[in-house]
Amino acid sequence: MLTCQEQALEEVTVGENENIECWLTDMDGVLVHENQPIPGASELINRWVDTSKRFLVLTNNSIYTPRDLAARLHASGLEVPEENLWTSALATAEFLKDQLKNSSSPGRAFVIGEAGLTTALHEAGLILTDTNPDYVVLGETRTYSFGTITKAIRLILDGARFIATNPDVTGPSAEGPIPATGAIAALITAATDRVPYIVGKPNPMMFRSAMNKIDAHSETTGMIGDRMDTDIIAGIEAGLTTVLVLSGITQREDISRYPFRPSQVLNSVADLINTV
């Protein structure tokens with residue numbers, strides 16, 4: 001049986017979100033699951049595109065460029081324009097660009113990651129190098145090597161600032177979970193006693209950079225996510241209207257474990273289509 005608070009969260013009617021001018025949404029568990037579109041996801045994206053609604057699809061995955069990610073979503077049955085994709089790699093690049101805006105020279109970064117991260121940093125004006133870098137930037141890759149991790153540790157001990165794209169400790173694969181950015185960051189921290197600044201969710205920094213991209217304001221922006229511990233808490237801290245969907249990680253019985261609540265709880269994005 002639903003509590004009174006849960007019942008109130010469930011009652012989403014047409015027009016309830018009419019004051020929301022912009023939307024941010026997580027990808028995995030909200031729009032797609034194991035490379036298959038979640039029912040209602042395509043219709044919601046199409047509605048936003050057809051009505052010229054400002055929106056971004058967010059992901060902590062830093063491997064892919066927006067163009068690559070748009071192609072992967074297309075293969076899954078979702079048509080998301082590449083300009084409507086915002087990754088932790090792009091957010092990290094924007095963060096470093098802002099940090100360096102008063103610098104007299106381009107920033108220098110030693111990067112562990114793939115094309116999504118290296119391309120974003122390059123386009124932000126950073127020089128990618130392993131010689132006297134200002135930053136060590138750690139992102140997602142399927143080819144973490146002992147050599148590059150050792151190099152990162154030594155550069156950080158020599159004074160490079162430690163940045164990570166996201167805190168996720170594992171990622172999915174066909175064979176099961178694999179180590180991800182957060183796990184490698186923990187290894188480097190143990191060897192250097194330096195904790196990275198993490199840009200991706202649940203840091204609300206990622207949401208703020210996304211809102212800057214589409215000229216959104218927190219009072220009129222909604223965030224859709226499937227995880228209380230990343231999407232919802234970051235949305236709340238960024239001052240957004242938050243919508244938890246139960247099509248991914250967090251289930252209804254999990255909500256009571258957290259000391260905060262989303263603005264709305266829905267079974268999936270299919271329940272949102274007629275309210276936006």
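Helices H8 and H9 cross in a right-handed way, where right-handed means that the near helix is turned clockwise from the far one by less than a right angle, and left-handed that it is turned anticlockwise. Helices here are DSSP runs of H or I with at least four residues, strands are runs of E with at least two, and both are numbered from the N terminus. H8 covers 204–213 and H9 covers 228–237. They pack at an angle of about 65 degrees, with their axes 8 Å apart. That makes H8 roughly perpendicular to H9. Angles under 35 degrees count as roughly parallel, over 145 as roughly antiparallel, 65 to 115 as roughly perpendicular, and the rest as oblique. The axes themselves are lines fitted to C-alpha atoms, for helices over the stretch in contact, with angles from 0 to 180 degrees between N-to-C directions.

Before going on, keep in mind that this is a predicted model, in which local features need pLDDT of at least 70 and side-chain atom pairs count only at pLDDT 80 or more, while totals for chains, interfaces and linings use all residues. Residues are numbered from 1 along each chain as its sequence is written, and side-chain values use heavy atoms, with hydrogens and water left out.

So who touches whom? On the H8 side, Pro-204, Phe-207 and Arg-208 meet Asp-231, Ala-234, Gly-235 and Glu-237 of H9, with contact meaning heavy atoms within 4.5 Å. This contact divides into three nonpolar, one polar and three charged residues. In that sorting, Ala, Val, Leu, Ile, Met, Phe, Trp, Tyr, Cys and Pro are nonpolar, Asp, Glu, Lys and Arg are charged, and the others, Gly among them, are polar.

Now look at H6 (residues 146–157) and H7 (residues 181–192), whose axes come within 10 Å and cross at roughly 45 degrees. That makes H6 oblique to H7, and their crossing is right-handed. H6 brings Ile-149, Ala-152, Ile-153, Ile-156 and Leu-157 to the contact, and H7 answers with Ile-184, Leu-187, Ile-188, Ala-191 and Thr-192. By class, that's nine nonpolar, one polar and no charged residues.

Ala-89, Leu-90, Ala-93 and Leu-96 of H4 touch Gly-116, Leu-117, Ala-120 and Leu-121 of H5. Here the count is seven nonpolar, one polar and no charged residues.

Next, the largest pocket, which holds about 1200 Å³ of space. On a 1 Å grid over the protein atoms alone, a pocket is an open set of points where a 1.4 Å probe fits, with protein on both sides within 12 Å along at least five of seven lines, and lining residues have an atom within 4 Å of a point. Of its 37 lining residues, the closest to the centre are Asp-28, Thr-59, Asn-61, Gly-171 and Pro-172. H3 gives the most to the lining, with three residues. The lining has 12 nonpolar, 14 polar and 11 charged residues.

Finally, two spots in the backbone. Most residues other than glycine have a negative phi, and most peptide bonds are trans. Glu-34 has a positive phi of about 50 degrees although it is not a glycine, and it sits in the loop between S2 and S3. The bond from Lys-201 to Pro-202 is cis, with omega near 10 degrees.

Key: Grid points are joined across faces, edges and corners, and a volume is the space filled by probe spheres set on the points.
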